[in-house]
Amino acid sequence: DKITQISALQKQLIAMSDKIVQTDLLIQEKEKIYVELKNVISRQPGPEVEEQILVYQQTHKDKTKQLAAMNQELEMYMEQVQAFKNDIAD
């Protein structure tokens with residue numbers, strides 16, 4: 001009777017051990033997937049990158065306007081120089 005009971009408990013212990021091993025393997029697999037996904041997410045740009053891009057776009061827009069104004073000013077000065085040259089030639 002005791003031997004039968006011990007044998008049954010040993011079978012239960014072996015079954016539980018197998019179940020624990022399977023669960024451990026599943027946990028390890030899930031942890032591996034978690035680490036891989038975490039690495040993928042860490043390589044993707046965050047909101048600070050988007051904010052920086054907006055700043056760059058605004059800076060570019062401002063500099064383009066400044067360049068256009070400077071070109072107009074340059075053309076005006078070149079016209080003045082040409083007018084002065086014409087006055088001197090006359």
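Here is a quick briefing on the overall form of this protein and on two of its residues.

What you're looking at is a predicted model, where local features need pLDDT of at least 70, side-chain atom pairs count only at pLDDT 80 or more, and totals for chains, interfaces and linings use all residues. Residues are numbered from 1 along each chain as its sequence is written, and side-chain values use heavy atoms, with hydrogens and water left out.

**Overall form**
- The protein has two helices and zero strands; these are DSSP runs numbered from the N terminus, with helices being H or I of at least four residues and strands E of at least two.
- Its radius of gyration is 39 Å, while a compact globule of 90 residues would come in near 12 Å (taken over C-alpha atoms; the globule rule is 2.2 Å times the number of residues to the power 0.38).
- Along the principal axes, the C-alpha trace spans about 130 × 15 × 5 Å.

- Buried residues come to 0% of the 90 (buried means under 20% relative accessible area, exposed over 50%, partly exposed in between, with a 1.4 Å probe and protein chains only).

- Thr23 belongs to helix H1 (residues 2–43) and is partly exposed, at 38% relative accessible area.
- From Thr23 to Val49 it's 26 residues in sequence and 40 Å in space, C-alpha to C-alpha.
- Gln80 lies in helix H2 (residues 47–89) and is partly exposed too, at 37%.
- Gln80 and Ala15 are 65 residues apart along the chain, with 98 Å between their C-alpha atoms.
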